There are 4 protein chains.
Amino acid sequence: MFEFKILPRLSETDGVGHIHNTILPVWFEEARRDLFKIFNPELSLESWNLILRKYEIEFINQISHDKLVSIRTSIDKIGGKSIIVYQEAFQDIRLVASARTVLVYFDYSKGSPAEIPELIRKDLYQHLHSESTS
Amino acid sequence: MFEFKILPRLSETDGVGHIHNTILPVWFEEARRDLFKIFNPELSLESWNLILRKYEIEFINQISHDKLVSIRTSIDKIGGKSIIVYQEAFQDIRLVASARTVLVYFDYSKGSPAEIPELIRKDLYQHLHSESTS
Amino acid sequence: MFEFKILPRLSETDGVGHIHNTILPVWFEEARRDLFKIFNPELSLESWNLILRKYEIEFINQISHDKLVSIRTSIDKIGGKSIIVYQEAFQDIRLVASARTVLVYFDYSKGSPAEIPELIRKDLYQHLHSESTS
Amino acid sequence: MFEFKILPRLSETDGVGHIHNTILPVWFEEARRDLFKIFNPELSLESWNLILRKYEIEFINQISHDKLVSIRTSIDKIGGKSIIVYQEAFQDIRLVASARTVLVYFDYSKGSPAEIPELIRKDLYQHLHSESTS
């Protein structure tokens, strides 16, 4: 599991101090940085090898502007050419949102999905969501 | 069905001319404007009566920066206190993305979900996705 | 002079219905599209030839979320390797914001500013702010 | 002087790894948080007492996506009802951008600018840019 902390920005806040729903995909993406590094250690844009196929975000509690948000990222499922990432965002100890994202391993030179290499796969297994391994 | 056209912004475009995945929730929200007006004819923020509970977005084809995107919005399901909205984004004639969004009718004065009034419900039925009515 | 109309987005609005200050650079950039086409008719990112060196934005009146904003773009000054663009944003007939932007003509292959070609210069003169020509 | 560190987001990056010009106002605003707290210790939106009147941003060097940006904030001038804030953004040891922002102390209940109270003024003086005090 990866943990990432984010401080809501003033420009992401509406007048009553809540975070707009369109901001969450940005935060969840930031929280996947360490996961991206398994695929691309330098986060080099030239050798980017993932495509986002789908995300699903649930808004569970209002997010206020004045407190850190902590996002936990784990892997739900490792397929041949894709993975499903599961993330939960907490403020204080309250779960405020969750996300499920499908990322496809992609060979940009061929323009098509590719098998996730064994070395990467090994690293990914260490972040597999505990409930999924049982 | 509602139709809404949007021109991708230069600031939404990466260096190879594609639209970033975090932009789609913004576009789909804009495309729900006419739907919001059924609930709130003036789009008055003081009398806002909807809460976004969940969205699910699929990225089907790359979106380029130089052509209009046309978004079609219809209703998939009308429940007692919530609706499911279905949207498709097209560029030229290609489907580039789709979204399914759960909106809850909300009484902010009581802080709880509420039954969708009959008058609003009638209007909503006119935008029910055709396949869903069969 | 170029004119560009923009409808404020729901996600750009704070809870009291005003537009956040960080959104204006995005709008003013969109309103420079026709000007960009003088330099780059297809708005092709591969042959982009301008660099933004500076902008200065004044916030004159509150911008509300529910009405079209009309942005007028003209050129204040045409230098050897750069231009100064002047823009005014109106809502109804009220001036709500203005911007002055310095754009440098740039040869990305050499990595340095370059002289604006005569053909482009001719086109630019037609959009020179009237007061500046007197 | 206040110092604030920010990690560029993946969604703020174009395909060649540079940060888009429209992002800088967002970062500079975040870096003014500690300054805002002098006016409004809890950053409470209900008792917000500043209005942004103008900003001017210079883009000095390209900002890359993979390194922390450090923003230094000081005060250039303290007027009766307004202040001028000066900010510099560094990546590694390179100055990449600077901003000058005019903030007006504002009494929202009266809808007009107001004199900055003596207590706030005293705090502000401690962050006055050194060159300005000579």
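# Notebook: four chains, two kinds of contact

**Entry 1: D onto B.** I began with symmetry and found that a 180° rotation, with 0.0 Å of shift along its axis, superposes chain D on chain B at an RMSD of 0.0 Å. That is the relation of a two-fold axis. Both copies use the same surface, since 100% of the contact residues of chain D recur in chain B. For my own reference, the superposition is by least squares on the C-alpha atoms of residues with pLDDT of at least 70 in both copies, and contact means heavy atoms within 4.5 Å.

**Entry 2: ground rules.** I noted that this is a predicted model, where local features need pLDDT of at least 70 and side-chain atom pairs count only at pLDDT 80 or more, while totals for chains, interfaces and linings use all residues. Residues are numbered from 1 along each chain as its sequence is written, chains are lettered from A and ligands numbered from 1 in the order in which they are written, and side-chain values use heavy atoms, with hydrogens and water left out.

**Entry 3: where D meets B.** How many residues of chain D are in contact with chain B? I found 6 residues of chain D in contact with 6 residues of chain B. The area buried between these two chains is about 410 Å², and carbon and sulfur atoms give 67% of it. Buried area here is the accessible area (1.4 Å probe) that two parts lose on being put together, summed over both. I looked for salt bridges between chain D and chain B, and the count is 0; the term needs a side-chain nitrogen of Lys or Arg within 4 Å of a carboxyl oxygen of Asp or Glu. The side of chain D that touches chain B divides into 1 nonpolar, 4 polar and 1 charged residue. In this scheme Ala, Val, Leu, Ile, Met, Phe, Trp, Tyr, Cys and Pro are nonpolar, Asp, Glu, Lys and Arg are charged, and the others, Gly among them, are polar.

**Entry 4: A onto D.** Next I laid chain A on chain D, which takes a turn of 180° and a shift of 0.0 Å along the axis, with an RMSD of 0.0 Å. Which residue of chain A comes closest to the rotation axis? It is I6(A), with its C-alpha at 5.3 Å. Here too the same surface serves both copies, as 100% of the contact residues of chain A recur in chain D.

**Entry 5: where A meets D.** This contact takes 22 residues from chain A and 22 residues from chain D. Together the two chains bury about 1800 Å², 55% of it on carbon and sulfur atoms. R9(A), L10(A) and L45(A) supply 39% of the area that chain A buries against chain D, more than any other three residues.

I then counted 2 salt bridges between chain A and chain D. R9(A) forms a salt bridge with E12(D), the closest N and O atoms being 2.8 Å apart.

On the side of chain A that touches chain D, the elements giving two or more residues are helix 1 (24–31) and helix 2 (33–39) of chain A. Helix 1 has the largest share, 4 residues. By class, that side of chain A has 11 nonpolar, 5 polar and 6 charged residues.

**Entry 6: the fold of A.** Chain A has 4 helices and 6 strands, in the order β-α-α-β-β-β-β-β-α-α along the sequence. Helices (H or I, at least four residues) and strands (E, at least two) are DSSP runs, numbered from the N terminus.

**Entry 7: a stop at E56(C).** I found E56(C) in strand 2 (residues 50–59) of chain C. E56(C) and R100(C) are 44 residues apart in sequence and 5.2 Å apart in space, C-alpha to C-alpha. The side chain of E56(C) makes a polar contact with the side chain of K54(D), at 3.5 Å.

Technical notes: A polar contact is a pair of N or O atoms within 3.5 Å; within protein, one must be able to donate a hydrogen and the other to accept it, and residues adjacent in sequence count only if both atoms are side-chain atoms.
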